[in-house]
Amino acid sequence: MFKIIIKNTYQEVSEAANEFMRELLVAKKDAVIGLATGSSPLGLYDEMIKDYQNKVVSFKNTVSFNLDEYIGLSDDHPETYRSFMYANLFSKIDILDENVHLPKAIDENDLSACEEYETLLAKYLVDLQVLGMGSNAHIGFNEPNTPFESLTHIVELTNRTRLDNQRFFSSLDEVPTHAITMGIKTILKAKKIILIATGVNKNQAIYDMVNGPLSIEVPASILQQHPDVTVIIDKEAAAKL
Ligand code: GLP
């Protein structure tokens, strides 16, 4: 069962998401947090930075795991998810580099990178996983038709996802064709999940996730089976509910 929070503005969505993060970080100094990229969690990250600056929370003992990473971009490319996370969050808080984890595959055949990330993750329990969602209801980079049993793996991105993410690159050709991502089964191990989505572009995916049948064509529909998922959305993303 989902808990659904509907807010008027992106700012309110971000603040509502941060209430979950703050509650965890205040209660548990060595919390393990699962983080996502994309524009949806950016406002949450701004709120986390504010809480850090106001000394409400510290990340000194926090451990983070990111969901996914593109394959094929150079390490210094500004659109790697590692660069994104440092630019938008990690460089502005006191998290230690050694406690930051993102998957990284050299190429689309790098299966050992998947095993390594999964083995590392298995040593932790993610207290709070932050998720965005693709307009095709993908979570992480688990595109439609990914088996629900999947662990960390390499995916070929759909055209729709590459087009959605083209805005961050100078041309479609530059958008990577492959990525490494936590699997659906990996994501579901988290104790608590918050999913953030805003805008009309997401409203069909939100409807299908909440009301649709459980289907691998709608990867986020598997969240119906997780015991503790809160969906935090704006009115536009909620329009079809
Ligand atoms: C990418 C990421 C997802 C993210 C999605 C939505 O595909 N791999 O983790 O949820 O984008 O992005 P946005 O929040 O920018 O709509």
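In what order do the seven strands of the open sheet lie, and is their pairing parallel or antiparallel?

**Figure 1. The open sheet of the predicted model.** Seven strands form this sheet in the order 1-10-9-6-2-3-5, and their pairing is parallel. Strands of a sheet pair through backbone hydrogen bonds. Strand 1 (residues 2-7) and strand 5 (residues 100-101) stand at the edges. Each of these two has a single partner strand, so one side of each is left without a neighbour in the sheet. Strand 5 is joined by two bridges to strand 3 (residues 63-66), and the two run parallel. Within this pairing, Phe65 has His101 of strand 5 as its bridge partner.

**Figure 2. Helices that accompany the sheet.** Helix 1 (residues 10-27) packs on the sheet, where it touches strand 1, strand 2 (residues 32-35), strand 6, strand 9 (residues 192-197) and strand 10 (residues 229-234). The direction of helix 1 makes about 155° with that of strand 10. Helix 4 (residues 111-121) lies across strand 3 and strand 5, and runs at about 145° to strand 3.

**Figure 3. An aromatic pair between Tyr81 and Phe141.** The structure holds seven aromatic pairs. In the pair shown here, the rings of Tyr81 and Phe141 are stacked, with 5.9 Å from centre to centre and 15° between the planes. This pair links distant parts of the chain, since its members are 60 residues apart. Tyr81 belongs to helix 3 (residues 81-88), whereas Phe141 lies in the loop between strand 6 (residues 128-131) and strand 7 (residues 153-156). Both Tyr81 and Phe141 are buried. Ring pairs also link these two residues with Tyr70 and Phe169 into a cluster.

**Figure 4. The buried side of helix 3.** Which residues of helix 3 are buried? They are Tyr81, Ser83, Phe84 and Met85. These buried residues pack against strand 2, helix 2 (residues 42-53), strand 3, strand 4 (residues 68-70) and helix 5 (residues 159-165).

**Figure 5. The surroundings of the ligand.** The ligand is surrounded by 14 residues, of which Ser39, Ser40, Asp68, His138 and Lys202 are the closest. At Gly140, a polar backbone atom is 3.3 Å from a nitrogen atom of the ligand.

**Figure 6. Asp75 and its contacts.** Asp75 is found in the loop between strand 4 and helix 3. Is this residue buried or exposed? Asp75 counts as exposed because its relative accessibility is 62%, and the cut-off for that class is over 50%. Apart from neighbours within four places in sequence, Asp75 is in contact with Thr80, Ser83 and Lys104. The side chains of Asp75 and Lys104 are joined by a polar contact of 2.8 Å.

**Figure 7. Positive phi at Lys55 and Ala137.** Lys55 is not a glycine, yet its phi is positive, at about 60°. This residue is found in the loop between helix 2 and strand 3, and is exposed, with a relative accessible area of 74%. Ala137, also a residue other than glycine, has a positive phi near 70°. Ala137 is located in the loop between strand 6 and strand 7. With 2% relative accessibility, Ala137 counts as buried.

Technical notes. Residues numbered from 1 in each chain as written. Predicted model: local features only at pLDDT ≥ 70, side-chain atom pairs only at ≥ 80, totals over all residues. Heavy atoms only, no water. Phe/Tyr/Trp six-rings, centres within 6.5 Å; stacked < 30°, edge-to-face > 60°. Helix = DSSP H or I, 4+ residues; strand = E, 2+ residues; numbered from the N terminus. Buried < 20%, exposed > 50% of the residue type's maximum accessible area, 1.4 Å probe, protein only. Pairing = 2+ DSSP bridges. Contact = heavy atoms within 4.5 Å. Axes fitted to C-alpha atoms, helices over the stretch in contact; angles between N-to-C directions. Near = heavy atom within 4 Å. Polar contact = N/O pair within 3.5 Å; in protein donor to acceptor, adjacent residues only side chain to side chain.
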